[in-house]
Amino acid sequence: IPYIHRKKVGEGEKEWLRISSETFLERSRQRMEGVCDMKVSQEAMSIYEQTHQLWRDNNVSPHHEVNNASRQKVDLNTATKAIKKFWKSEHPKRLFPYSSFKKTSGNRHTWEESRNHNTLKINTESGWANIVHDVSHLIWHRKRKRKPHHCADHAILERRFTRLIVEKYLT
């Protein structure tokens with residue numbers, strides 16, 4: 001299935017490119033290795049690799065590895081409980097921002113609904129690793145708006161969420 005990528009062409013113009021799955025996987029691998037576009041420090045890469053190893057040790061593919069066989073569907077209620085629990089651990093004094101949850105599937109991220117920011121859409125078919133990755137970015141976005149994504153602090157946040165899932169929901 002081709003991946004659709006948006007590229008800025010000029011002032012206000014956008015060009016849509018279709019690239020092959022192989023090209024997408026190669027670019028993802030390069031980004032994870034820090035080769036192109038996204039700069040990831042060696043410290044962050046080391047932490048991400050630890051996180052990926054945690055997933056592999058529990059027979060779950062890390063979010064960037066395409067392996068549909070190891071992506072077990074996640075129960076929506078279980079995912080909701082896990083996300084709430086992790087939110088509370090990261091924001092003990094702040095209220096949970098989502099009042100409703102929607103189940104989504106296919107090539108969609110777990111993210112807040114664009115029109116209704118009180119609704120969190122959870123892709124239960126993508127598996128735990130993708131849910132953890134997406135939610136860690138969502139929490140990071142709300143928590144540290146001035147720091148870049150994929151820095152060492154974000155990697156630590158994602159690793160903490162991964163440990164929670166492995167300890168409480170995969171055993």
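**Entry 1: I83.** I started with I83 and skipped its neighbours within four places in sequence. I83 is in contact (heavy atoms within 4.5 Å) with F96, L120, I122, I131, V135 and F161. Before going on I noted the ground rules. This is a predicted model, where local features need pLDDT of at least 70, side-chain atom pairs count only at pLDDT 80 or more, and totals for chains, interfaces and linings use all residues. Residues are numbered from 1 along each chain as its sequence is written, and side-chain values use heavy atoms, with hydrogens and water left out.

**Entry 2: the cores.** I looked up the largest nonpolar core and found 25 residues in it. A nonpolar core here is a set of buried Ala, Val, Leu, Ile, Met, Phe, Trp, Tyr and Cys residues joined through side-chain atoms within 4.5 Å. Buried is under 20% relative accessible area, exposed over 50%, partly exposed in between (1.4 Å probe, protein chains only). W55, I83, W128, I131, F161 and I165 have the most contacts inside this core. Which elements give two or more residues to it? They are α3, β5, α4 and α5 (152-168). Helices (H or I, at least four residues) and strands (E, at least two) are DSSP runs, numbered from the N terminus. Helix α4 gives the most, with eight residues. Another core of seven residues lies apart from this one, and V40, A44, Y48 and A155 are among its members.

**Entry 3: the sheet.** I traced three strands in an open sheet, ordered β3-β5-β4, with mixed pairing. Two strands pair if DSSP finds at least two bridges between them. The edge strands, β3 (100-104) and β4 (111-112), each pair on one side only. β3 and β5 (residues 119-123) run parallel and are joined by five bridges. Along them, F101 stands opposite L120, and K102 stands opposite K121. β4 and β5 pair in the antiparallel sense over two bridges. These two strands form a hairpin with six residues between them. In that pairing, W111 stands opposite K121. Is β5 mostly covered or mostly open? It is mostly covered, with four of its five residues buried.

**Entry 4: L138.** I found L138 in helix α4 (residues 128-143). Its relative accessibility is 3%, so L138 counts as buried. Which residues does L138 touch, not counting those up to four places away in sequence? The list is Y98, W111, E112 and L120. L138 and E112 are 26 residues apart in sequence, yet their C-alpha atoms are 8.1 Å apart in space.

**Entry 5: the rings.** I searched the whole structure for aromatic pairs and got five. Rings of Phe, Tyr and Trp (its six-membered ring) pair if their centres lie within 6.5 Å; planes under 30 degrees apart count as stacked, over 60 as edge-to-face and the rest as tilted. I checked F86 and F161: the centres are 4.3 Å apart and the planes are at 10°, so the pair is stacked. The pair links distant parts of the chain, with F86 in helix α3 and F161 in helix α5, 75 residues apart. F86 has 3% relative accessibility and counts as buried. F161 has 0% and also counts as buried. I noted one aromatic cluster too, formed by W87, F96, Y98 and F101.
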